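Have the sequence and the structure open beside you as you read.

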Amino acid sequence: MASETEDSTLAHDFSPFFRVHRDGRIERFKEPQFAPTSNDPKSAVQSKDVVVSPETGVSVRIFLPKTTTTTQKLPLVVYIHGGAFCLGSTSSPPFHNFVNSLAEEANAVVVSVDYRLAPEHKLPIAYDDSWLALQWVVSHANGRGPEQWLNDHADFGRFFLGGESAGANIANNIAVRAGVGGLDHGVKMDGLFLVHPFFGGKEEDKMYKFMCPGSSGRDDDPVLNPAVDPSLPRMGCRRVMFCIAEKDWFRQRGWDYYNVLGKSGWSGEREIMETEGEGHGFHLFDPTCDKAVTQLRRLASFLKQ
């Protein structure tokens, strides 16, 4: 993903994401952008931010489509954003807008996770934060959790997990973790969707290894290559949907995992959608194009099954 620099003032150059100075300072290239929440009851989707863990600052942004009653139950989705583990948040306009559209199209409550970013917070912190957020969401299954929107509107019989790019990697990891250890209140995950998922290859990914010092950065790490994860057959959901893009540099890894999952001994159903002529994350940068709309509708259909 990136190479080390020969500049004497720098230890690592992981452009266009960040650079690491020899004194330990992290230099980021992109300024954070912010999309506000909406509390307009007339809008198609309302949203609000909720702190999950005051100790760590981990929070979620909840998206609630317009409902007909105060207790109308809707499918529930936990979504994990991408950004190479080091960029973005639930309030980044591309992620906010995508989740807002997904909530409207699927008529689902969507909980978008705001995990702590690398490299300031070394991996696997992003995975642990996302697992913590998932457990917080599940704590509402008995209707007595701290967030009323989830108590009133979330149908835990239609419970999904998904993500995009690095977020898809995190979602896959915690779906396996949920299958191994189970979820509280007997909650079962219906489906998992992986949009342009990031997985590792044979060559060392220096940037990932820097962000996750305990990893080899290669495909012998089960987090980067689920094919070598002995727990894969226990994946904690009954359906998995893959969305990949023809010109995505991670396309083949997505296909490889789709095929491996089918041969792993996992007993669920899987489906895959490939968008021709598009690259990684195209739907975030041009959300109104025909192919982005088609992908969104396919995801919504998956959530409605």
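1. Pro-119 sits in the loop between strand 7 (109–114) and helix 2 (125–138). The peptide bond that joins Ala-118 to Pro-119 is cis, with omega about 0°. Helices and strands here are DSSP runs, numbered from the N terminus: helices are H or I with at least four residues, strands are E with at least two.

2. A word on what you are looking at: this is a predicted model, in which local features need pLDDT of at least 70 and side-chain atom pairs count only at pLDDT 80 or more, while totals for chains, interfaces and linings use all residues. Residues are numbered from 1 along each chain as its sequence is written, and side-chain values use heavy atoms, with hydrogens and water left out.

3. The peptide bond from Ser-15 to Pro-16 is cis, with omega near 5°, and Pro-16 belongs to the loop between strand 1 and strand 2. Why give such bonds a point of their own? Most peptide bonds are trans, and most residues other than glycine have a negative phi.

4. Strand 2 (residues 18–21) and strand 3 run antiparallel and are joined by 3 bridges; two strands pair if DSSP finds at least two bridges between them. Within this pair, Val-20 stands opposite Ile-26 of strand 3.

5. Ala-84, in the loop between strand 6 (74–80) and helix 1, has a positive phi near 60° although it is not a glycine. Is Ala-84 buried or exposed? Ala-84 is buried, with a relative accessible area of 13% (buried means under 20%, exposed over 50%, partly exposed in between, with a 1.4 Å probe and protein chains only). Ser-165 has a positive phi near 55° and lies in the loop between strand 8 (154–164) and helix 4 (166–181). Ser-165 is buried too, with a relative accessible area of 8%.

6. Phe-95, His-96, Phe-98, Val-99, Leu-102, Ala-103 and Ala-106 of helix 1 are buried. They cover an arc of only 165° around the axis, which puts them on the same side of helix 1; the arc is that of the directions from the helix axis to the C-beta atoms. Asn-107 follows helix 1 and has a positive phi, near 50°.

7. Finally, His-280 is found in the loop between strand 11 (269–275) and helix 7 (282–285). His-280 is buried, with a relative accessible area of 15%. What does the side chain of His-280 contact? The side chain of His-280 makes a polar contact with the side chain of Asp-248 at 2.9 Å (a pair of N or O atoms within 3.5 Å; within protein, one must be able to donate a hydrogen and the other to accept it, and residues adjacent in sequence count only if both atoms are side-chain atoms).
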